[in-house]
Amino acid sequence: MSIKVLIVDDHRLFRSGVRAELGDSVEVVGEAEDVETAVAKIAELAPDVVLLDVHMPGGGGQEVLRRVLGSGSQVRFLALSVSDAAEDVIGVIRGGARGYVTKTISGKELTDAIRRVAEGDAVFSPRLAGFVLDAFASSEAPSIDPELDSLTQREREVLRLIARGYAYKEIAKELFISVKTVETHVSSVLRKLQLSNRHELSRWATARRLV
Amino acid sequence: MADRHKLRDAPPPVAPPPPVEEEAAPYLRLTRPAEGRLVAGVAQGAAEQLGLDPVVVRLAFVLLTVVDGIGLVAYAALWIFTPQRPHVGPEPQRDWSQFTAFGAIGLALLAFGWLTGSAAGGVGLLPIGVGGIGALILWQQAAPDRRKRWMSGVRHNRIRTGLGMVLVIVGAIGFLAAEGELAQARPGLLFTAVVVGGLAMIAAPYLAGLWKELQLERRERIRQEERAEVAAHVHDSVLHTLTLIQRNAHDAREVLRLARSQERELRNWLYQPKQDADATLAAAVRRVAAEEEDAHGVPIEVVCVGDRALDSRLTAMLQAARQAMVNAAKYSEAAVVSVYAEVEPEEVTIFVRDRGKGFDLDAVPEDRMGIRQSIIGRMERNGGSARVRTSPGEGTEIMLTMKLEQP
């Protein structure tokens with residue numbers, strides 16, 4: 001059974017572009033161009049994965065996340081955006097998206113990312129991995145919850161390889177672990193990103209309006 | 001003040017009133033036009049608004065000037081408080097012959113007054129003059145929408161208005177009483193002061209409103225300047241690139257290069273704080289990658305973690321990294337090159353990686369300078385190290401490490 005995907009983006013040209021790139025690898029069940037339509041279509045079509053743009057009229061991707069996940073839905077989100085700004089990337093992940101890739105991604109990589117998110121894993125672009133490393137490294141303040149507020153040595157290694165442009169399979173080979181273990185590490189980092197109470201994360205992201 | 005400010009700046013709590021209301025009463029506000037003005041355009045503007053011939057208004061000003069100079073004061077006041085009408089194009093010439101004519105009339109009247117000894121209206125005319133000027137200021141500011149806005153702020157200040165009114169009335173009565181004994185100037189002056197005080201009280205909120213208005217106009221001007229800057233930037237960069245792309249539409253590689261370089265430029269402009277491109281390692285890595293990307297038409301993705309100031313050793317490392325990027329872009333045939341730079345407390349590492357065709361390191365001839373000299377040699381000379389991982393079909397990764405001296 002193929003994965004049901006909903007494309008949410010306010011640019012029609014971009015939506016048709018993604019649709020064409022994805023081809024038959026997944027089943028695109030619909031498109032939405034703003035927050036209202038997105039929320040309605042997610043409820044109506046029950047997609048497995050929502051490809052979510054960050055900047056949209058009516059509050060953007062974060063508003064969709066807030067309304068859909070707030071209502072207890074289990075649908076999974078993969079953020080797909082042209083923005084590289086740290087506050088957008090961190091913001092949408094903290095909002096509940098399970099991954100972040102930029103719009104320059106190739107069709108094949110996007111399909112892989114969608115499959116991964118559909119299976120409940122996390123997807124990090126090299127840039128997101130870099131942001132996370134930076135954000136967790138730059139803290140000197142005492143943490144409230146050490147388990148959530150710092151990365152393990154292994155997680156750091158995995159993120160570093162992602163930042164270096166390695167695919168999960170290559171990381172597994174490099175570290176002599178299984179792909180499944182790589183996925184577990186990335187999911188664990190995602191959980192820390194989403195649950196950590198560290199104020200630095202958001203503050204770091206806003207202070208660093210860097211690409 | 002703060003409340004009033006908030007009142008005005010806050011968006012309307014409910015739906016804004018239908019625009020028809022504002023359109024229904026087109027009200028020409030008093031402004032000073034540049035066309036047809038003799039001095040500052042006050043008379044011209046007033047005449048246009050009143051539907052009178054400007055000559056009538058000018059004569060009125062001249063006559064009032066002859067009487068104790070009130071016309072002059074009124075003119076100056078209106079000049080200050082009346083905004084200039086926006087004017088496009090070159091400054092129109094003033095009609096100096098008309099100016100001379102009015103000047104001559106004024107002088108003639110003055111001379112006549114002096115000769116007959118009747119010009120000095122005495123102190124009695126002063127209150128009328130001051131009151132008149134106050135009324136003029138109020139009148140010229142009294143565009144209905146504006147009046148409404150000001151009044152929204154002074155709703156609770158009826159006391160002040162009332163008090164001002166009372167003072168004006170007292171002043172007027174006092175003036176009439178003083179009229180009987182014109183010789184004694186003192187009470188007249190006293191009551192004039194009262195009148196002025198009353199007018200000032202009435203006018204205070206209006207003046208405050210005027211001040212606010214000036215501030216708003218200033219802010220609007222700043223906004224417009226910013227918009228102009230954005231427009232200029234978009235024109236110089238984006239539109240220019242789009243033109244180039246259309247012209248090079250047949251050359252896919254060139255189109256890609258143009259689009260990438262424009263994208264990068266725009267991103268820098270939007271997200272990057274203005275910084276010296278050569279001051280820090282991260283900025284320098286980005287710049288070098290951008291240059292090589294432009295030179296070879298292969299996208300180079302850069303991720304940086306941490307940052308520190310450049311020194312001579314890091315500059316050498318940067319040159320080695322540049323050589324690695326050039327190799328990857330030129331020979332690997334990979335679609336994209338990944339660069340990752342990380343600054344840690346003890347060391348700096350830079351990875352340059354491609355998924356291209358790779359090569360057999362041992363088979364590289366001794367005289368090929370690229371890898372051995374420009375990368376490995378350069379790193380070792382500067383106290384760092386370089387490691388090359390490659391094999392045919394597996395892509396290439398070059399890892400540069402530089403230990404940092406501990407202070």
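UniProt positions are given in the numbering used here, feature names are shortened, and annotations may be inferred rather than shown by experiment. The model is predicted: local features need pLDDT of at least 70, side-chain atom pairs count only at pLDDT 80 or more, and totals for chains, interfaces and linings use all residues. Residues are numbered from 1 along each chain as its sequence is written, with chains lettered from A and ligands numbered from 1 in the order in which they are written.

In an unreviewed entry, UniProt assigns the feature "modified residue: 4-aspartylphosphate" to Asp53(A). This residue lies in the loop of chain A that separates strand E3 (49–52) from helix H3 (60–70); helices (H or I, at least four residues) and strands (E, at least two) are DSSP runs, numbered from the N terminus. Asp53(A) is buried, because 26 other C-beta atoms lie within 10 Å; the cut-off for a buried residue is 20 or more such atoms, 12 or fewer make a residue exposed, and values in between make it partly exposed, with C-beta atoms placed from the backbone. Neighbours within four places in sequence aside, the contacts of Asp53(A) are Val8(A), Asp9(A), Asp10(A), Gly61(A), Leu80(A) and Ser81(A), a contact requiring C-beta atoms, placed from the backbone, within 7 Å.

Ser81(A) also has a bridge partner in E5(A), namely Thr102(A). Strand E4 (residues 76–81) and strand E5 (residues 99–102) of chain A are parallel and pair over three bridges; pairing requires that DSSP find at least two bridges between two strands. Together with helix H4 (residues 86–94) of chain A, E4(A) and E5(A) form a right-handed β-α-β unit. A crossover is right-handed if, with the strands pointing away from the viewer, the path from the first strand over the helix to the second runs clockwise. The β-α-β crossover from E5(A) to E6(A), by way of helix H5 (residues 107–118) of chain A, is left-handed.

In chain B, five strands form an open sheet of mixed pairing in the order E1-E2-E3-E5-E4. Strand E1 (300–305) and strand E4 (384–390) of chain B are its edges, each pairing on one side only. From one strand to the next the twist averages 10°. Six bridges link E1(B) in parallel to strand E2 (residues 337–343) of chain B, and Ile300(B) is opposite Val337(B). Helix H12 (residues 281–296) of chain B lies across E1, E2 and strand E3 (347–354) of that chain, at about 175° to E1(B). Axes are lines fitted to C-alpha atoms, for helices over the stretch in contact, and angles run from 0 to 180 degrees between N-to-C directions.

Notes. Two residues are in contact if their C-beta atoms, placed from the backbone, lie within 7 Å.
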